[in-house]
Amino acid sequence: MIPKKLMQSDRAPYTVDEKHYQRFPVNRQAFVTVSVQDTGEKTRVGFIRKMMETLDEKIENQEPGYSQIDNALDLGAGVFDRMVGKNGDPNTELLQWNTQSEPEGRSSLKIDLPPEELTQRVKEATALYGADLSGIAKLDERWVYSEDLVKPFVFTDKSVPEETEEAFLIPKTMNRAIVMAFVMDEDLLEDSPGVAGNAATSLGYSRMAIAAASLAQYIRALGYQAIPCMNDTVLSIPLAIDAGLGQLGRHGLLITPEYGSNIRLGKVITDLPLNPDHPIDFGVTEFCDNCLLCAKSCPSGSISVGERSFNCEGETGNPGVLKWHIQGENCLRFWQENGTSCSNCIIACPFTHGFEWLNCSECETCEIYNGSCSLQTNADMRKKYGYLEDTSWGSPPKRIRPKRSGL
Ligand code: SF4
Ligand code: SF4
(Lines give C-alpha, C1' and ligand atoms only; values in the text may rest on other atoms or scores of the structure.)
(Ligands and ions follow the chains in the order given, each with its own letter.)
Protein backbone atom coordinates (compact mmCIF):
# COMPACT_ATOMS: atom_id res chain seq x y z
CA MET A 1 0.00 0.00 0.00
CA ILE A 2 1.08 3.59 -0.55
CA PRO A 3 2.03 4.99 2.91
CA LYS A 4 -1.02 6.64 4.45
CA LYS A 5 0.93 9.47 6.01
CA LEU A 6 1.47 10.89 2.51
CA MET A 7 -2.28 11.46 2.20
CA GLN A 8 -3.47 12.25 5.70
CA SER A 9 -5.44 15.46 6.03
CA ASP A 10 -7.15 17.46 8.76
CA ARG A 11 -10.19 17.87 6.53
CA ALA A 12 -13.19 15.69 7.50
CA PRO A 13 -13.61 12.83 4.98
CA TYR A 14 -17.35 13.58 4.57
CA THR A 15 -20.03 15.98 5.79
CA VAL A 16 -23.14 14.56 7.42
CA ASP A 17 -26.27 16.58 8.17
CA GLU A 18 -27.12 14.94 11.48
CA LYS A 19 -30.64 16.44 11.52
CA HIS A 20 -31.59 14.61 8.35
CA TYR A 21 -29.32 11.60 8.04
CA GLN A 22 -30.88 8.28 9.05
CA ARG A 23 -29.48 4.78 8.97
CA PHE A 24 -30.34 3.18 5.64
CA PRO A 25 -32.77 0.23 5.42
CA VAL A 26 -31.91 -2.64 3.04
CA ASN A 27 -35.39 -2.51 1.51
CA ARG A 28 -34.46 0.85 -0.08
CA GLN A 29 -31.41 -0.65 -1.82
CA ALA A 30 -31.82 -0.39 -5.59
CA PHE A 31 -31.80 -4.19 -6.01
CA VAL A 32 -34.73 -4.59 -3.62
CA THR A 33 -36.64 -1.53 -4.87
CA VAL A 34 -36.53 -2.79 -8.47
CA SER A 35 -37.50 -6.33 -7.38
CA VAL A 36 -40.51 -5.03 -5.46
CA GLN A 37 -41.61 -2.91 -8.43
CA ASP A 38 -41.32 -5.89 -10.78
CA THR A 39 -42.68 -8.75 -8.70
CA GLY A 40 -44.12 -7.35 -5.48
CA GLU A 41 -41.62 -9.56 -3.62
CA LYS A 42 -39.32 -7.97 -1.04
CA THR A 43 -36.15 -9.77 -2.19
CA ARG A 44 -33.29 -9.13 -4.59
CA VAL A 45 -34.26 -12.15 -6.68
CA GLY A 46 -36.93 -10.48 -8.86
CA PHE A 47 -34.37 -8.05 -10.20
CA ILE A 48 -31.89 -10.83 -11.00
CA ARG A 49 -34.53 -13.04 -12.65
CA LYS A 50 -35.46 -10.39 -15.20
CA MET A 51 -31.81 -9.60 -15.92
CA MET A 52 -31.08 -13.29 -16.54
CA GLU A 53 -34.01 -13.60 -18.95
CA THR A 54 -32.52 -10.80 -21.06
CA LEU A 55 -29.10 -12.44 -20.92
CA ASP A 56 -30.49 -15.80 -22.12
CA GLU A 57 -32.16 -14.05 -25.06
CA LYS A 58 -28.98 -12.20 -26.00
CA ILE A 59 -26.90 -15.38 -25.85
CA GLU A 60 -29.47 -17.25 -27.94
CA ASN A 61 -29.46 -14.43 -30.52
CA GLN A 62 -25.63 -14.45 -30.47
CA GLU A 63 -25.41 -10.72 -29.80
CA PRO A 64 -21.83 -9.40 -29.72
CA GLY A 65 -20.51 -9.31 -26.14
CA TYR A 66 -22.94 -11.99 -24.95
CA SER A 67 -21.44 -15.34 -25.95
CA GLN A 68 -22.04 -18.64 -24.21
CA ILE A 69 -18.32 -19.02 -23.51
CA ASP A 70 -18.07 -15.60 -21.79
CA ASN A 71 -21.16 -16.41 -19.78
CA ALA A 72 -19.58 -19.72 -18.75
CA LEU A 73 -16.51 -17.78 -17.57
CA ASP A 74 -18.75 -15.52 -15.51
CA LEU A 75 -20.71 -18.38 -13.95
CA GLY A 76 -17.49 -20.15 -12.98
CA ALA A 77 -16.05 -16.95 -11.50
CA GLY A 78 -19.13 -16.42 -9.33
CA VAL A 79 -19.40 -19.90 -7.77
CA PHE A 80 -18.09 -18.90 -4.34
CA ASP A 81 -20.08 -15.67 -4.37
CA ARG A 82 -23.32 -17.59 -4.91
CA MET A 83 -22.37 -20.34 -2.47
CA VAL A 84 -21.14 -18.09 0.34
CA GLY A 85 -22.77 -14.74 -0.32
CA LYS A 86 -26.35 -15.99 -0.78
CA ASN A 87 -27.56 -12.81 -2.48
CA GLY A 88 -26.30 -10.59 0.29
CA ASP A 89 -28.22 -12.01 3.25
CA PRO A 90 -26.46 -11.62 6.60
CA ASN A 91 -25.61 -14.56 8.87
CA THR A 92 -25.89 -17.27 6.20
CA GLU A 93 -23.70 -20.19 5.14
CA LEU A 94 -19.99 -19.40 5.62
CA LEU A 95 -20.88 -15.84 6.61
CA GLN A 96 -22.51 -17.04 9.83
CA TRP A 97 -22.01 -14.83 12.83
CA ASN A 98 -20.92 -17.77 14.95
CA THR A 99 -18.42 -20.39 13.89
CA GLN A 100 -19.73 -23.52 12.22
CA SER A 101 -17.02 -25.71 13.61
CA GLU A 102 -17.26 -25.31 17.37
CA PRO A 103 -15.48 -26.29 19.48
CA GLU A 104 -12.49 -26.78 17.14
CA GLY A 105 -12.64 -23.43 15.38
CA ARG A 106 -13.03 -21.20 18.42
CA SER A 107 -10.69 -20.47 21.30
CA SER A 108 -11.82 -19.48 24.77
CA LEU A 109 -8.36 -18.00 25.26
CA LYS A 110 -8.08 -14.40 24.09
CA ILE A 111 -4.78 -13.73 22.32
CA ASP A 112 -2.54 -11.45 24.32
CA LEU A 113 -0.62 -9.16 21.97
CA PRO A 114 -0.19 -5.37 21.98
CA PRO A 115 -2.79 -3.72 19.64
CA GLU A 116 -0.09 -2.51 17.28
CA GLU A 117 1.29 -5.99 16.70
CA LEU A 118 -2.18 -7.53 16.56
CA THR A 119 -3.23 -4.97 13.93
CA GLN A 120 -0.17 -5.78 11.86
CA ARG A 121 -0.80 -9.56 12.13
CA VAL A 122 -4.47 -9.15 11.16
CA LYS A 123 -3.50 -7.13 8.08
CA GLU A 124 -0.99 -9.83 7.11
CA ALA A 125 -3.78 -12.40 7.44
CA THR A 126 -6.08 -10.38 5.14
CA ALA A 127 -3.33 -10.44 2.49
CA LEU A 128 -2.87 -14.18 2.90
CA TYR A 129 -6.61 -14.71 2.45
CA GLY A 130 -6.60 -12.73 -0.79
CA ALA A 131 -7.18 -9.04 0.02
CA ASP A 132 -5.11 -6.59 -2.04
CA LEU A 133 -5.64 -3.71 0.40
CA SER A 134 -6.89 -3.58 3.98
CA GLY A 135 -7.59 -0.99 6.64
CA ILE A 136 -9.12 -0.78 10.10
CA ALA A 137 -12.12 1.44 10.89
CA LYS A 138 -13.85 2.28 14.13
CA LEU A 139 -17.33 0.90 13.51
CA ASP A 140 -19.55 3.96 13.07
CA GLU A 141 -23.10 2.86 13.89
CA ARG A 142 -24.50 5.34 11.33
CA TRP A 143 -23.23 3.13 8.52
CA VAL A 144 -24.87 -0.07 9.81
CA TYR A 145 -28.13 -0.80 7.97
CA SER A 146 -31.16 0.05 10.11
CA GLU A 147 -32.86 -3.18 9.05
CA ASP A 148 -32.48 -6.10 6.69
CA LEU A 149 -35.41 -7.31 4.57
CA VAL A 150 -37.36 -8.55 7.58
CA LYS A 151 -35.82 -7.38 10.84
CA PRO A 152 -33.63 -4.64 12.33
CA PHE A 153 -29.95 -4.52 13.23
CA VAL A 154 -29.77 -3.61 16.91
CA PHE A 155 -26.74 -2.81 19.09
CA THR A 156 -26.72 -4.66 22.40
CA ASP A 157 -24.80 -4.96 25.66
CA LYS A 158 -24.35 -8.69 25.04
CA SER A 159 -20.89 -10.01 24.20
CA VAL A 160 -21.79 -12.38 21.37
CA PRO A 161 -23.46 -11.50 18.03
CA GLU A 162 -26.76 -13.24 17.50
CA GLU A 163 -29.76 -13.45 15.20
CA THR A 164 -33.08 -13.88 17.01
CA GLU A 165 -36.63 -14.07 15.64
CA GLU A 166 -36.91 -10.29 16.10
CA ALA A 167 -33.49 -8.83 15.27
CA PHE A 168 -29.83 -9.11 14.36
CA LEU A 169 -28.00 -8.27 17.58
CA ILE A 170 -24.55 -6.66 17.30
CA PRO A 171 -22.60 -6.26 20.58
CA LYS A 172 -21.47 -2.68 21.20
CA THR A 173 -18.06 -4.15 22.04
CA MET A 174 -17.70 -5.13 18.37
CA ASN A 175 -16.50 -1.65 17.51
CA ARG A 176 -13.89 -2.34 14.86
CA ALA A 177 -14.24 -3.28 11.19
CA ILE A 178 -11.48 -4.74 9.05
CA VAL A 179 -12.17 -3.54 5.51
CA MET A 180 -10.63 -5.42 2.59
CA ALA A 181 -10.37 -4.43 -1.07
CA PHE A 182 -10.09 -6.95 -3.91
CA VAL A 183 -8.72 -5.86 -7.26
CA MET A 184 -10.69 -6.95 -10.32
CA ASP A 185 -9.22 -8.14 -13.61
CA GLU A 186 -9.03 -4.95 -15.67
CA ASP A 187 -8.73 -6.72 -19.01
CA LEU A 188 -12.01 -8.52 -18.39
CA LEU A 189 -13.65 -5.46 -16.89
CA GLU A 190 -12.95 -3.47 -20.04
CA ASP A 191 -15.50 -5.69 -21.76
CA SER A 192 -18.20 -3.86 -19.76
CA PRO A 193 -21.13 -3.81 -20.28
CA GLY A 194 -20.68 -7.25 -21.91
CA VAL A 195 -20.90 -10.46 -19.94
CA ALA A 196 -17.10 -10.99 -19.80
CA GLY A 197 -16.92 -7.73 -17.82
CA ASN A 198 -19.24 -9.28 -15.26
CA ALA A 199 -16.80 -12.19 -14.83
CA ALA A 200 -14.34 -9.71 -13.30
CA THR A 201 -17.02 -8.54 -10.86
CA SER A 202 -18.10 -12.10 -10.02
CA LEU A 203 -14.53 -13.15 -9.31
CA GLY A 204 -14.09 -10.10 -7.07
CA TYR A 205 -17.13 -11.22 -5.05
CA SER A 206 -15.95 -14.83 -4.88
CA ARG A 207 -12.56 -13.77 -3.56
CA MET A 208 -14.27 -11.44 -1.09
CA ALA A 209 -16.44 -14.32 0.17
CA ILE A 210 -13.46 -16.60 0.76
CA ALA A 211 -11.44 -13.87 2.49
CA ALA A 212 -14.29 -12.71 4.76
CA ALA A 213 -15.10 -16.26 5.88
CA SER A 214 -11.40 -17.11 6.39
CA LEU A 215 -10.66 -13.94 8.36
CA ALA A 216 -13.68 -14.49 10.60
CA GLN A 217 -12.45 -17.98 11.44
CA TYR A 218 -8.96 -16.61 12.15
CA ILE A 219 -10.41 -14.06 14.59
CA ARG A 220 -12.52 -16.66 16.40
CA ALA A 221 -9.43 -18.83 16.83
CA LEU A 222 -7.80 -15.80 18.53
CA GLY A 223 -10.65 -15.88 21.07
CA TYR A 224 -12.67 -12.93 19.69
CA GLN A 225 -15.99 -12.39 17.89
CA ALA A 226 -16.37 -11.86 14.16
CA ILE A 227 -19.18 -10.90 11.79
CA PRO A 228 -18.05 -11.58 8.20
CA CYS A 229 -19.87 -9.46 5.62
CA MET A 230 -20.00 -9.00 1.89
CA ASN A 231 -22.46 -6.26 0.88
CA ASP A 232 -24.69 -6.98 3.88
CA THR A 233 -25.03 -5.53 7.40
CA VAL A 234 -23.05 -2.31 6.96
CA LEU A 235 -22.43 0.11 4.08
CA SER A 236 -19.02 -0.73 2.63
CA ILE A 237 -17.98 2.61 1.16
CA PRO A 238 -18.17 4.92 4.21
CA LEU A 239 -16.52 2.18 6.24
CA ALA A 240 -13.70 1.94 3.69
CA ILE A 241 -13.29 5.74 3.81
CA ASP A 242 -13.03 5.55 7.61
CA ALA A 243 -10.48 2.74 7.24
CA GLY A 244 -8.27 5.02 5.11
CA LEU A 245 -8.65 3.02 1.91
CA GLY A 246 -9.76 5.87 -0.35
CA GLN A 247 -12.25 8.64 -1.13
CA LEU A 248 -15.71 8.83 -2.66
CA GLY A 249 -15.94 9.71 -6.37
CA ARG A 250 -18.67 11.33 -8.45
CA HIS A 251 -19.72 7.84 -9.58
CA GLY A 252 -20.64 6.92 -6.00
CA LEU A 253 -17.77 4.43 -5.70
CA LEU A 254 -14.59 4.33 -3.66
CA ILE A 255 -11.42 5.57 -5.37
CA THR A 256 -8.26 4.08 -3.89
CA PRO A 257 -4.84 5.63 -4.46
CA GLU A 258 -3.42 2.25 -5.53
CA TYR A 259 -6.05 0.90 -7.94
CA GLY A 260 -8.57 3.68 -8.47
CA SER A 261 -12.10 2.25 -8.47
CA ASN A 262 -11.16 -1.17 -9.79
CA ILE A 263 -11.93 -2.93 -6.51
CA ARG A 264 -14.66 -4.74 -4.56
CA LEU A 265 -15.04 -4.30 -0.80
CA GLY A 266 -15.66 -6.84 1.96
CA LYS A 267 -15.41 -6.47 5.72
CA VAL A 268 -15.37 -8.26 9.07
CA ILE A 269 -16.78 -6.59 12.20
CA THR A 270 -14.97 -7.59 15.38
CA ASP A 271 -14.19 -6.88 19.02
CA LEU A 272 -10.46 -7.44 18.50
CA PRO A 273 -8.57 -4.47 20.02
CA LEU A 274 -7.18 -3.09 16.74
CA ASN A 275 -5.66 0.31 16.03
CA PRO A 276 -7.85 2.21 13.55
CA ASP A 277 -6.38 3.79 10.42
CA HIS A 278 -6.87 7.45 9.45
CA PRO A 279 -8.98 8.62 6.51
CA ILE A 280 -6.97 9.92 3.56
CA ASP A 281 -7.36 12.78 1.09
CA PHE A 282 -5.50 12.77 -2.20
CA GLY A 283 -7.60 15.37 -3.99
CA VAL A 284 -10.37 13.18 -5.41
CA THR A 285 -13.23 15.59 -4.61
CA GLU A 286 -11.59 18.53 -6.39
CA PHE A 287 -10.69 16.35 -9.35
CA CYS A 288 -14.25 15.02 -9.64
CA ASP A 289 -15.55 18.60 -9.50
CA ASN A 290 -13.84 19.12 -12.85
CA CYS A 291 -14.15 15.71 -14.45
CA LEU A 292 -17.31 14.18 -15.84
CA LEU A 293 -15.88 11.12 -17.56
CA CYS A 294 -17.93 8.60 -15.56
CA ALA A 295 -21.15 10.56 -16.13
CA LYS A 296 -20.44 10.76 -19.85
CA SER A 297 -19.82 7.03 -20.08
CA CYS A 298 -22.92 6.02 -18.11
CA PRO A 299 -25.49 4.49 -20.48
CA SER A 300 -28.39 5.23 -18.12
CA GLY A 301 -27.64 8.83 -17.11
CA SER A 302 -27.49 7.77 -13.46
CA ILE A 303 -24.43 9.79 -12.45
CA SER A 304 -24.87 13.42 -11.41
CA VAL A 305 -23.33 16.11 -13.62
CA GLY A 306 -24.10 18.77 -11.04
CA GLU A 307 -22.62 19.71 -7.71
CA ARG A 308 -22.56 17.65 -4.55
CA SER A 309 -25.73 17.84 -2.49
CA PHE A 310 -27.30 16.61 0.74
CA ASN A 311 -30.47 15.77 -1.19
CA CYS A 312 -31.19 12.98 -3.61
CA GLU A 313 -33.88 11.95 -6.08
CA GLY A 314 -35.65 8.61 -6.28
CA GLU A 315 -36.48 5.96 -3.74
CA THR A 316 -33.05 4.37 -3.50
CA GLY A 317 -30.92 7.26 -2.27
CA ASN A 318 -30.24 8.33 1.29
CA PRO A 319 -30.23 12.07 1.95
CA GLY A 320 -28.16 13.76 4.63
CA VAL A 321 -24.61 13.21 3.33
CA LEU A 322 -22.90 15.77 1.06
CA LYS A 323 -22.01 13.83 -2.09
CA TRP A 324 -22.89 13.12 -5.70
CA HIS A 325 -25.99 10.96 -5.39
CA ILE A 326 -26.48 8.13 -7.88
CA GLN A 327 -29.85 7.21 -9.37
CA GLY A 328 -29.59 3.56 -8.43
CA GLU A 329 -32.91 2.54 -9.91
CA ASN A 330 -31.98 3.88 -13.39
CA CYS A 331 -28.63 2.12 -13.17
CA LEU A 332 -30.22 -1.25 -12.41
CA ARG A 333 -32.91 -0.83 -15.06
CA PHE A 334 -30.03 -0.56 -17.53
CA TRP A 335 -28.51 -3.76 -16.09
CA GLN A 336 -31.83 -5.51 -16.74
CA GLU A 337 -31.95 -4.29 -20.36
CA ASN A 338 -28.30 -5.21 -20.73
CA GLY A 339 -28.66 -8.72 -19.27
CA THR A 340 -25.69 -8.33 -16.94
CA SER A 341 -23.97 -5.78 -14.71
CA CYS A 342 -22.21 -2.69 -16.02
CA SER A 343 -18.83 -1.30 -14.94
CA ASN A 344 -18.53 1.55 -17.44
CA CYS A 345 -18.08 4.09 -14.64
CA ILE A 346 -15.17 2.12 -13.15
CA ILE A 347 -13.46 1.74 -16.50
CA ALA A 348 -13.98 5.40 -17.46
CA CYS A 349 -12.46 6.75 -14.26
CA PRO A 350 -8.91 7.99 -14.91
CA PHE A 351 -7.91 7.02 -11.37
CA THR A 352 -8.47 3.41 -12.43
CA HIS A 353 -5.78 3.71 -15.10
CA GLY A 354 -3.44 6.49 -14.00
CA PHE A 355 -2.70 9.84 -15.59
CA GLU A 356 -2.16 10.11 -19.32
CA TRP A 357 -1.94 13.32 -21.34
CA LEU A 358 -5.18 12.48 -23.10
CA ASN A 359 -6.95 13.14 -19.79
CA CYS A 360 -6.15 16.85 -20.10
CA SER A 361 -8.17 17.20 -23.28
CA GLU A 362 -10.96 14.93 -22.00
CA CYS A 363 -11.24 16.80 -18.74
CA GLU A 364 -13.07 19.64 -20.44
CA THR A 365 -14.15 21.56 -17.38
CA CYS A 366 -10.79 21.47 -15.67
CA GLU A 367 -9.63 24.88 -14.57
CA ILE A 368 -6.89 23.78 -12.24
CA TYR A 369 -4.38 22.28 -14.64
CA ASN A 370 -1.09 24.05 -14.11
CA GLY A 371 1.40 21.29 -14.68
CA SER A 372 0.13 19.08 -11.92
CA CYS A 373 -3.30 17.89 -10.79
CA SER A 374 -4.27 15.33 -8.15
CA LEU A 375 -4.58 12.61 -10.82
CA GLN A 376 -1.06 13.30 -12.01
CA THR A 377 0.28 13.42 -8.45
CA ASN A 378 -1.47 10.13 -7.76
CA ALA A 379 0.01 8.51 -10.88
CA ASP A 380 3.50 9.65 -9.80
CA MET A 381 2.94 8.08 -6.37
CA ARG A 382 1.73 4.88 -7.98
CA LYS A 383 4.85 4.70 -10.10
CA LYS A 384 7.06 5.32 -7.07
CA TYR A 385 5.40 2.58 -5.02
CA GLY A 386 5.13 -0.03 -7.77
CA TYR A 387 1.51 0.20 -8.95
CA LEU A 388 2.20 1.75 -12.36
CA GLU A 389 5.11 1.53 -14.75
CA ASP A 390 6.46 4.33 -16.93
CA THR A 391 6.03 3.86 -20.64
CA SER A 392 7.33 5.88 -23.56
CA TRP A 393 6.18 9.52 -23.71
CA GLY A 394 2.58 9.89 -24.82
CA SER A 395 1.64 6.24 -24.13
CA PRO A 396 -0.71 5.31 -21.29
CA PRO A 397 1.02 4.11 -18.10
CA LYS A 398 1.27 0.35 -17.67
CA ARG A 399 -0.64 -1.07 -14.73
CA ILE A 400 1.19 -3.56 -12.57
CA ARG A 401 -1.00 -6.44 -11.44
CA PRO A 402 -1.15 -7.01 -7.69
CA LYS A 403 1.26 -9.59 -6.33
CA ARG A 404 -0.52 -12.06 -4.06
CA SER A 405 1.19 -14.38 -1.65
CA GLY A 406 -1.87 -16.35 -0.55
CA LEU A 407 -5.30 -17.07 -2.02
S1 SF4 B 1 -22.84 0.86 -13.44
FE2 SF4 B 1 -23.14 1.58 -15.58
S3 SF4 B 1 -25.28 2.26 -15.58
FE4 SF4 B 1 -24.67 2.15 -13.43
S5 SF4 B 1 -23.90 4.17 -12.84
FE6 SF4 B 1 -22.11 2.99 -13.53
S7 SF4 B 1 -21.93 3.45 -15.73
FE8 SF4 B 1 -24.01 4.07 -15.09
S1 SF4 C 1 -14.47 9.57 -13.81
FE2 SF4 C 1 -13.81 11.60 -13.11
S3 SF4 C 1 -15.62 12.47 -12.10
FE4 SF4 C 1 -15.99 10.28 -12.30
S5 SF4 C 1 -15.29 9.43 -10.34
FE6 SF4 C 1 -13.55 9.28 -11.77
S7 SF4 C 1 -12.37 11.16 -11.43
FE8 SF4 C 1 -14.38 11.48 -10.49
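Here are some notes on a few helices, a sheet and some side-chain pairs in this predicted model.

1. Ground rules. Residues are numbered from 1 along each chain as its sequence is written, chains are lettered from A and ligands numbered from 1 in the order in which they are written, and side-chain values use heavy atoms, with hydrogens and water left out. As the model is predicted, local features need pLDDT of at least 70 and side-chain atom pairs count only at pLDDT 80 or more, while totals for chains, interfaces and linings use all residues.

2. Helices (H or I, at least four residues) and strands (E, at least two) are DSSP runs, numbered from the N terminus.

3. Have a look at the open sheet: 3 strands in the order β2-β4-β3, with mixed pairing (two strands pair if DSSP finds at least two bridges between them). β2 (153–156) and β3 (162–163) are the edge strands, each pairing on one side only. β2 and β4 (residues 168–171) run parallel, joined by 4 bridges; F155 has I170 in β4 as its bridge partner.

4. Next, helix α1 (residues 30–39). A30, V32, T33, V34 and S35 are buried there (buried is under 20% relative accessible area, exposed over 50%, partly exposed in between; 1.4 Å probe, protein chains only). Those buried residues pack against α2 (45–60) and α11 (328–338). After α1 comes G40, with a positive phi near 80°.

5. What does N198 touch, leaving aside its neighbours within four places in sequence? The contacts (heavy atoms within 4.5 Å) are D74, T340 and S341. N198 sits in helix α7 (residues 195–221) and is buried at 12% relative accessible area. Its side chain makes a polar contact of 2.8 Å with that of D74 (a pair of N or O atoms within 3.5 Å; within protein, one must be able to donate a hydrogen and the other to accept it, and residues adjacent in sequence count only if both atoms are side-chain atoms).

6. On to salt bridges (a side-chain nitrogen of Lys or Arg within 4 Å of a carboxyl oxygen of Asp or Glu): the whole structure has 21. D132 and R404 form one at 2.8 Å, N to O. This pair links distant parts of the chain, 272 residues apart: D132 is in the loop between α5 (115–128) and β1 (133–138), R404 in the segment after β11 (398–399). D132 is buried at 15%, whereas R404 is partly exposed at 38%.
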